[in-house]
Amino acid sequence: AYDAAPFVPEAAGIEELREAAADCAGCPLFREATQTVFGAGPASSRAVLLGEQPGDQEDRKGEPFAGPAGGMLLRACEEAGVDRDQAYVTNAVKHFKFAREGHGKQRIHKSPSLRELTACKPWLEAELRAVSPEVVVTLGATAGKALFGSAFRVTKERGTVLEAPGGLETGVVVPTIHPSAVLRAGENRDEVYAGLVSDLRVAADVLG
Ligand code: URA
């Protein structure tokens with residue numbers, strides 16, 4: 001089975017985890033991706049922002065949320081009063097999954113499978129042990145499913161304060177939509193953005 005666990009050092013801090021994750025071969029995604037994109041931010045963070053997986057730019061730069069979705073996330077965090085620089089930012093899956101399509105063979109994002117999510121979860125668990133945040137904000141359906149399982153529905157749970165699932169070292173979880181949903185929105189973009197900010201305010205309130 002796909003599983004990152006054999007690659008995850010025990011009782012490790014973030015830097016040790018990051019070094020080990022660079023060599024992860026727990027699922028096949030490492031083969032096509034440029035590099036592992038591990039979480040980034042202070043280990044002392046009171047908040048963890050959890051995305052889905054690195055995109056094209058993150059894969060090249062080796063940093064989470066370094067592209068357009070990251071810009072949107074930063075803007076929404078600022079407006080909601082969540083200090084993005086004081087948050088640990090990471091993804092449910094640490095390698096970019098994509099298909100090559102079209103003339104220039106553009107790399108098109110593909111959603112990670114449940115197998116890949118499950119395989120990568122030991123990295124997330126280890127990050128949460130190292131950071132031990134007061135709140136995890138899940139960004140989008142995939143991040144929610146990574147914590148709560150495939151029955152998780154972001155439309156139902158967003159903007160609420162949920163108890164963390166057993167075995168995860170975090171205070172509470174606040175789900176919201178993925179910032180890229182704002183970028184993809186059409187004429188209702190302002191509304192979708194306001195919804196993201198409103199959910200992030202719930203997390204800001206938890207932090208006080
Ligand atoms: N989308 C994500 O979910 N994570 C990133 O790091 C970038 C885009």
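The model is predicted: local features need pLDDT of at least 70, side-chain atom pairs count only at pLDDT 80 or more, and totals for chains, interfaces and linings use all residues. Numbering starts from 1 along each chain as its sequence is written.

**View 1. Helices α1 (residues 14-21) and α4 (residues 114-131) cross at roughly 165 degrees.** Helices are DSSP runs (H or I, at least four residues), numbered from the N terminus. The two axes come within 10 Å. Axes are lines fitted to C-alpha atoms over the stretch in contact, with angles from 0 to 180 degrees between N-to-C directions. α1 and α4 are therefore roughly antiparallel (over 145 degrees).

**View 2. I14, L17 and A21 of α1 meet W123, A126, E127 and A130 of α4.** Contact means C-beta atoms, placed from the backbone, within 7 Å. By class, this contact has six nonpolar, no polar and one charged residues. Nonpolar covers Ala, Val, Leu, Ile, Met, Phe, Trp, Tyr, Cys and Pro; charged covers Asp, Glu, Lys and Arg; the others, Gly among them, are polar.

**View 3. Strands β3 (residues 98-101) and β4 (residues 106-109) run antiparallel, joined by four bridges.** Strands are DSSP runs (E, at least two residues), and pairing takes at least two DSSP bridges. F98 has H109 of β4 as its bridge partner. Four residues lie between the strands of this hairpin, where G102 takes a positive phi near 80 degrees.

Key:
Angles under 35 degrees count as roughly parallel, over 145 as roughly antiparallel, 65 to 115 as roughly perpendicular and the rest as oblique. Two residues are in contact if their C-beta atoms, placed from the backbone, lie within 7 Å.
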